[in-house]
Amino acid sequence: MAVETALRLLIVEESANHANAYLKALRSGGFALRSHSLLSDEEPEDVLKSHQPEIILVSHSNPLLTLSSLIPLLVSTKSDAVAILLSEKPEDISIPAAINAGARDRVIKNDLEHLKIVVKRELDYVSIRQKYRSLEKMYTESEARCQILMNNSRDAISYVHQGMHVYANQAYLEMFGFGGFDDIEGLPIMDLVSNEKQEEFKQFLRNMDSQNLKRAELETELRDINNETFPGHMEFSEASIDGEPCTQILIRQSVDTRELEEQINLLSRLDPLTGLLNRLAFVEEFEKAIINVGKKNKHYALMHIGIDDFKGIQDKVGMVGSDQVIAEIATVVKDQLGGEDLAGRYEGSKYLVLIPTANEKELQAKGNKIIKAVGGHICEVGGKSINTECRVGICLIDDGSLDVNEVMSRADKALTEASNDATERLHIYQPKEGEMTQKQIDAAWVKRLKSALDENRLQLRYQPIVQLDGGELERYEVFMEMRDEDGSRVPPKEFLPAAERTKMSKILDRWVISNAFAQLVKHSAQHPNTVFFIKLTGGSLADTELFRWISEKLKSHKIQQNRIVFEVKEEAVVSHLKQAQAFATLLKTIQCTFAIDDFGTGPDPFKLVELVPAEYLKFHKDFTQDLAQNPQNQKTLKEITEKAKSLKKYTIVQHVEDAATLSALWTIGADFTQGNFFQGPSNKMDYDFSLGMG
């Protein structure tokens, strides 16, 4: 995972002046360096293990570590590093002699241009070798996974070499009645074909061989160890086992998988924490229902339910405990609903219920019933008793022309009204005279955004991402800020939802990318180690032309490799899972990386990481709220950080606002941190990364 791109260099040189000259020359050649000079009191083996160099510059005259001593050490420590021998004069040692001794090349110490060329070549070689090892490991792991899959497959699978069985899985053994593989090992495949079909089977195999077929299928008649025959559909394909070519035979069992497929489809529509419909599935069902409003006297209402003071609950029981509260309250709400009511999770501690009535008295009665049930429920979390209260907002749906987004917006407004009311916990939305619909509001925002684009009232903002253990790269998160006609800042939460709904977000994201690339090129002239984390909206994941456009922009701006990270919020990644998976995978081909923002709020967030190849995980801001005073959040954050590290993912803790929070992070082990404690969002990139953690 090439995220930190600094060249790890080990210098074995008796002259400090020469060592400094090497470093100066390589830096001027565009190399980012993480260097170490071997000292007289250091053990070379320990340095190799701790520093893990990629390239070692060895002076021919250095007494600390000779080339003849270094090469065996590289072998014993299983290092991928390569050695370049440096000599004062060509007569000291010839290039063939140096290479025969184990060096990759010999360079004259004062020929610094030659040194840069050799280092560039050898760094490419090291990269190729590391990729080869990685691919080799992946291949081995893939073979192991395939073996496990075959062993547990419900289909009967065997491998045959020169007509004899060399492998058979359990399903295959059971199909023919064998007790174990020892009973079938070396048995000719012909012995499992009925007598009547053997000649036909032989001819089939001859045709496969003569026509050099890679795959073929055959309907035939097989027999088990009791000589009982049964029909079999056999699929043949080329394969290998332990490096030897063979033929894989698969005999499919006729199993009705419809019930299993239905279960999988159901699970993909459910919120894993609450068991309610997830937001996407709820909206799909909502859209189907709303078109029937007014037909056959059909009316609906949308109920929006929110838990009171959920931040206070989080402060008491932490992130994991608050998830338990969300799950329990979901069950309480569901228990109060009728058979035709449809419940889903909206986000966080909020739920949606679609009710097939627009009768206000019935809705008030049901809403108050839910409020009473939630208020009477006590959640036992980690030895603490949590009393919960909720508020309810309701929007009547008596107009079939209403847009789903409009209804959800009205229900949200009703919940806000209920939350602001000191006496009533339930509010039914009533449109105010002259009030715009959501569609009208969105159209107005599109007009304002286009105007801001035309009048150059969009600006890039930068916030540093600081590496906890130091490092040479300078990382900035890049995002967009909008200014109104009077120059006042427009908060993103005001215009981004409308931009997402109207597909305007795709245009804004491209504006950000294009301008960020231009600024990176300009800034890199003085700061070549700069990396940009560029925020994208979920709408861009659905933009099928975005990747090609990004690729062309990278080439036209001549941006260095591994200088761009695209980050998308976890919720958007989940909503566009297939697109996110494809986008993150394609980014690797152009040496860009992918980050999941606001990560870690689900019950098992690492399932998402298994599907989407993100290299950075930026934790949700809730983890850092009162972190210094909240041991439960510290424990949870440490656990998911350790899990991320085991998966070789880089972690970023954001919204660090004070020294106490930063102090708590040292024990958690995150890789990076970000927040106003270091520097707030700015229109300049002027953070002094040399200050480290300040």
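Where is H655 found? H655 sits in the loop that runs between strand 25 (650-653) and helix 22 (659-665). Some notes on this predicted model follow.

1. **Ground rules.** This is a predicted model, in which local features need pLDDT of at least 70, side-chain atom pairs count only at pLDDT 80 or more, and totals for chains, interfaces and linings use all residues. Residues are numbered from 1 along each chain as its sequence is written, and side-chain values use heavy atoms, with hydrogens and water left out.

2. **Overall build.** The protein chain holds 22 helices and 26 strands. Both are DSSP runs numbered from the N terminus: helices are H or I with at least four residues, strands are E with at least two. Along the principal axes, the C-alpha atoms fill a box of roughly 100 × 85 × 55 Å.

3. **Burial and surface.** Of the 694 residues in the protein chain, 47% are buried. Buried means under 20% relative accessible area, exposed means over 50%, and partly exposed lies in between (1.4 Å probe, protein chains only). The chain exposes about 35,400 Å², and carbon and sulfur atoms supply 50% of that. Areas come from the Shrake-Rupley method with a 1.4 Å probe; for residues, only the protein chains shown count as cover.

4. **Contacts.** Take contacts in the protein chain between residues at least 6 apart in sequence: 65% of them join residues at least 24 apart. A contact means heavy atoms within 4.5 Å.

5. **Charge.** The protein chain carries 82 positive and 105 negative side chains. The centres of the two sets lie 5 Å apart. Lys and Arg count as positive, Asp and Glu as negative; His and the chain ends are not counted. Each charge is placed at NZ of Lys, CZ of Arg, CG of Asp or CD of Glu.

6. **Positive phi.** Most residues other than glycine have a negative phi. H655 is not a glycine, yet its phi is positive, about 60 degrees. H655 counts as partly exposed because its relative accessibility is 37%. K558 also has a positive phi, near 55 degrees. K558 lies in the loop between helix 17 (546-557) and strand 22 (564-569). Its relative accessibility is 74%, so K558 counts as exposed.

7. **V126.** This residue lies in helix 5 (residues 112-152). V126 has a relative accessible area of 1%, so it is buried. Leaving out residues up to four places away in sequence, V126 touches E54, D80 and V82. D80 is 46 residues from V126 in sequence, and their C-alpha atoms are 6.8 Å apart.

8. **D671.** Look in the loop between helix 22 and strand 26 (672-673). D671 counts as buried because its relative accessibility is 17%. Residues up to four places away aside, D671 touches V466, Q467, L468, K645, K649, Y650 and T651. D671 and P53 are 618 residues apart in sequence, with 20 Å between their C-alpha atoms.

9. **Rings.** The whole structure contains 20 aromatic pairs. Rings of Phe, Tyr and Trp (its six-membered ring) pair if their centres lie within 6.5 Å; planes under 30 degrees apart are stacked, over 60 edge-to-face, and the rest tilted. Ring pairs join F533, Y616, Y650 and F672 into a cluster.

10. **Charges over rings.** R104 lies over the face of Y125, 3.7 Å from the ring centre. The charged end of K643 sits over the ring of F606, at 6.0 Å from its centre. The test is NZ of Lys or CZ of Arg within 6 Å of the ring centre and within 35 degrees of the ring normal.
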